[in-house]
Amino acid sequence: MMAWWSNLADRERLLISVAGILTALVLVWQFVLVPASNARSEARTSLEEADQDLSRIQEAYMRNRAIGASMATNALSTSASIEDFKAAVTGSAGDIGLSIARLQGDDGTSVRLVFENADPRLVFLWLEDIRSKQSAQVTRLTMEQAGGGLVRVNVDLVAGGL
């Protein structure tokens, strides 16, 4: 290779060097700068969408909290059974957009719910909602990452009016 290079004229060496530099620049542009720019714009778009989601959730949270505060005096104290409590809790979860994977409640005073792949913000919104509207008390809560910003949640609840 060195012999080939040394046999070239100065003008040919210059031409090959310039072509090599241009090729390197095109490769850097195509395989480094363009993908980095695309990733940055996608991240910016994703951040804007997440910001909008957060704003909607915060608005819903504040609206539900205001409703819950006005209804706090009418909380679950009129409910006479754990079945009514289960229905109210599961209905509230469905209204917020949470999907219950498993529901247990054998002892007549508490309920255990499991959510798979849930948005943690919705889980906290739901907990605040059932606390204010149903007088539910959380006795145990575990939350584990499930990937993609979602969580797996186990929550034990006791009805405040029972």
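**Ground rules.** I'm working with a predicted model, where local features need pLDDT of at least 70, side-chain atom pairs count only at pLDDT 80 or more, and totals for chains, interfaces and linings use all residues. Residues are numbered from 1 along each chain as its sequence is written, and side-chain values use heavy atoms, with hydrogens and water left out.

**Core.** I looked up the largest nonpolar core first, and it has 24 residues. Such a core is a set of buried Ala, Val, Leu, Ile, Met, Phe, Trp, Tyr and Cys residues joined through side-chain atoms within 4.5 Å. Buried means under 20% relative accessible area, exposed over 50%, and partly exposed in between (1.4 Å probe, protein chains only). F85, L98, L113, F115, W126, V155 and L157 have the most contacts inside this core. At least two core residues come from each of α2 (10-71), α3 (82-96), β2 (110-118), α4 (120-134) and β4 (150-159). I note that α4 gives the largest share, 6 residues. Helices (H or I, at least four residues) and strands (E, at least two) are DSSP runs, numbered from the N terminus.

**L98.** What does L98 touch? Not counting residues up to four places away in sequence, I find A93, F115, A118, D119, L122, V123 and W126. Contact here means heavy atoms within 4.5 Å.

**Strands.** I then followed β4, where 7 of the 10 residues are buried, so this strand is largely enclosed by the rest of the structure. β2 and β4 run antiparallel, joined by 7 bridges; two strands pair if DSSP finds at least two bridges between them. R112 has D156 in β4 as its bridge partner. β3 (residues 136-147) also pairs with β4 in the antiparallel sense, over 10 bridges, and Q137 is partnered with V158 of β4. β3 and β4 make a hairpin with 2 residues between them, and G148 in the turn has a positive phi of about 65 degrees.

**K86.** Is this lysine, K86, buried or exposed? K86 is buried, at 13% relative accessible area. K86 sits in helix α3, and leaving aside neighbours within four places in sequence, K86 contacts L103, G105 and V111.

**W29.** I checked W29 in helix α2 for comparison. W29 is exposed, because its relative accessible area is 54%.
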